Amino acid sequence: MSEPFLLRALLAGLGLAIVAAPLGCFVVWRRMAYYGETVAQAGLIGVAVGLALSLNLTASVLIVTLAVSGLLVVLSRQQVVPFDTLLGLLAHAALALGVIAASLVRGPQLDLMAFLFGDIFAITYVDLRWITLGGLAALAALAWIWRPLLALSVHEDLAAAEGTSTERTKMVFVLVLALVVAIAIKIVGVLLTIAFLIMPAAAARPLSETPEQMALFAAIFGMLSVAIGLFLSISLDTPGGPSIVLMLAVFFVVSIFPTVLRRGR
Amino acid sequence: MPDEVSLPVLSRHGHGRGHEHAHGAEYHHGVPGLSSPLAHDADALISARALELARGGRSILQGIDIDIRAGEIVTVIGPNGAGKTTLVRVLLGLEAPDAGTIVRKEGLAVGYAPQRFEVDRAIPLTVVRFVSMGRRASAEEIARILGHVGAGALAERQLSELSGGELQRVILARALIREPALLVLDEPVRGVDYAGEAELYTLISRLRSENGFGVLLVSHDLHVVMAQSDRVICLNRHVCCSGVPESVAQHPEYERLFGPQAARAFGLYHHQHDHRHDLAGEPHPSRVRDETGPRS
C-alpha cells in the first residue's frame, strides 16, 4: 500500500461497501433495482450540470439524484404506464441526455468512461470526505428507519394498520438512496452503481436467516470484492470499478450455487 | 320474524350521546355539514357512520354503519365482491372513504390479520422475528403467544417455509402480540381445514373472554359462522341485515342473498364438530378441543 492513490481507492471502496450493504438489501427487498438504476443514470445529468457551472461534482450529482428520486415517487402513483416501463424509459432518456449534455459542455475529448464506469483510482481526499460524511449520514438515517422500513417491506398494509408511518419512512429511504447513489457515482460510475448495491445483497441472501445477517454478509462480500477487485485491477491493469463488480458477480454465483443445486435435484 | 333483526345495525344504540367524541379523533370525509343521521357510539372501539366508497365508477360501500365494542365479536359475511375487505381497509384507515365518518378510540391498539399475505422470499425472516414486528416483546412472550396459536414448534423456521395454515397461525400470533384492544381478522380460515377452523374459532373466543378485546371477523364461508359471534352483519355493498347469528340466518334478505341451502347450513359450527375427517374424507369421532396445542 505504498501508493497513496491506491490507499484512497481502497478506503473509498470499503466505505461504499459498508454503506451499500444495508441499503442494497432494502433495494432488493423492495424491488427497487430499476428505480435505483434510473436515479443513478440520471446522475450523469448532474455531472454535466456540475461541469458546466464548475460546481463540486458530487454536490451537483446529489441535487439531480434527489430531484429525480422525488419525481419518481410522484410518477409511481400514476397508472397510465406500468412503472417499470416508465423507469426503463426515464433511465435511458436520462442517460442519453446526460451523455449529450456532458459532450456539449466539454466537447468530444471528455473522458466519458470515467463517469459511466467510475474512476476509483482518481479519488481525492475531498472525495473521501464526502464519502465518509455522506456514508455516515446514510447509515444513521437507515438505522433510524430500519424497523418501520423492514415492517412495510414485509407487508405494507399490515405495517400501516399497526401504526407505522409508511409515507415518511419511504420518503426517507428514497432520499438515502439518492445520497448513496450520488456518492457512488464517482467510484463506480452511473452504470455500475446499482450493481454495487444489489449484488452483495443478492449474494448474501442464501446464507442469511435474518435481515441483519443479510446486511452483514452483504458488507463482507462488498469489502472482499473491493479488496480483491482492486488487487486484480492493479496486477492485471484492468479498470477498477468493473473489476470490483466482476468479483461481486463471482461471489454471487458461488453463494447461490448450492441452493440452485439443491432445488434442481 | 323480521323485527328480531335490527336494521340498520345500530339503531338501538343511538342513545343521544350527540356529537361528543371525547374518546378519540374523528375523521370527516365528504361534504362538511352533511353529517350522518346517526350519532357515533361513544363507547365503541371503532364506530363508522354512512360510509360511502366507489372505485372506477362502481359503488363498493353504500351507507355502511358499523360499531365494534370491547369484548364483542362482530362477524361480517357476504359473497365475493361484497366489499368486505374494502370495509376492513376503510375501518383500519388504509383507504379513505368518499363520504362518512369513522371514530376510533384514542390510542386504539389494533391487531390485524390481512386476507392476502404473500411471503417475500427475498427477505430472510424467522417466525419469531416476524411476530416481534408487531411489538418489541421478550422471547418468553413471543414463545407463549406462538404456543397459544399452536405454532410453538415453528419459532425458528423461516417464514417462507411455512404452509398456508401455519402462516395463518403465525400472522394471528403477530396480531395477538400487540395486546390489541381490537382484533381484525380478514378471512382467517382461508386454506385451513374444518378442524383447524373450529380450533381457531375456539381460540379466538377464549382469548376474547380472557382479554376482553373486540373482534371484527370477515368471512365468506357461510356454512360456518362463529356461533360465539355477538353480531353477524350480512354485507353486500350495503348492510343487508344484521343481528345475532340465528336471526340473520332466518332473515329473508340473507336467504335472498345466499339461497335457501345457505340458510339451512348457517351456524352449524357449534353442534357439528363431534368428528373429524381424515384425508380420505372418512369421519372419525373426536373431542372438540377447547385448548389448542402444537400440532405435529
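This briefing covers two interfaces in a predicted model: the one between the two domains of chain B, and the one between chain B and chain A. Local features need pLDDT of at least 70 and side-chain atom pairs count only at pLDDT 80 or more, while totals for chains, interfaces and linings use all residues; side-chain values use heavy atoms, with hydrogens and water left out. Residues are numbered from 1 along each chain as its sequence is written, and chains are lettered from A in the order in which they are written.

**Domains of chain B**

- Chain B is assigned domain 1 (2-15 + 22-109 + 180-285) and domain 2 (116-179), with bounds that come from an automatic or database domain assignment.
- In the contact (heavy atoms within 4.5 Å), domain 1 of chain B takes part with 16 residues and domain 2 of chain B with 10 residues.
- About 970 Å² is buried between domain 1 and domain 2 of chain B, and carbon and sulfur atoms give 64% of this area. Buried area is the accessible area (1.4 Å probe) that two parts lose on being put together, summed over both.
- Zero salt bridges are counted between these two domains of chain B; the term requires a side-chain nitrogen of Lys or Arg within 4 Å of a carboxyl oxygen of Asp or Glu.
- One residue pair is in polar contact across this domain interface, both residues being at pLDDT 80 or more. A polar contact is a pair of N or O atoms within 3.5 Å; within protein, one must be able to donate a hydrogen and the other to accept it, and residues adjacent in sequence count only if both atoms are side-chain atoms.

- Strand S7 (182-186) and helix H5 (194-211) of chain B each supply at least two residues to the side of domain 1 that touches domain 2. Helices (H or I, at least four residues) and strands (E, at least two) are DSSP runs, numbered from the N terminus.
- H5(B) provides the largest share of that side, five residues.

**Chain B and chain A**

- The contact involves 25 residues from chain B and 24 residues from chain A.
- The two chains bury about 2,200 Å² between them, with 54% on carbon and sulfur atoms.
- On the chain B side, B:Ile123, B:Pro124 and B:Arg129 lose the most area to chain A, together 24% of what that side buries.
- Four salt bridges are found across the interface of chain B and chain A.
- A:Glu162 and B:Arg174 form a salt bridge whose closest N and O atoms are 2.9 Å apart.
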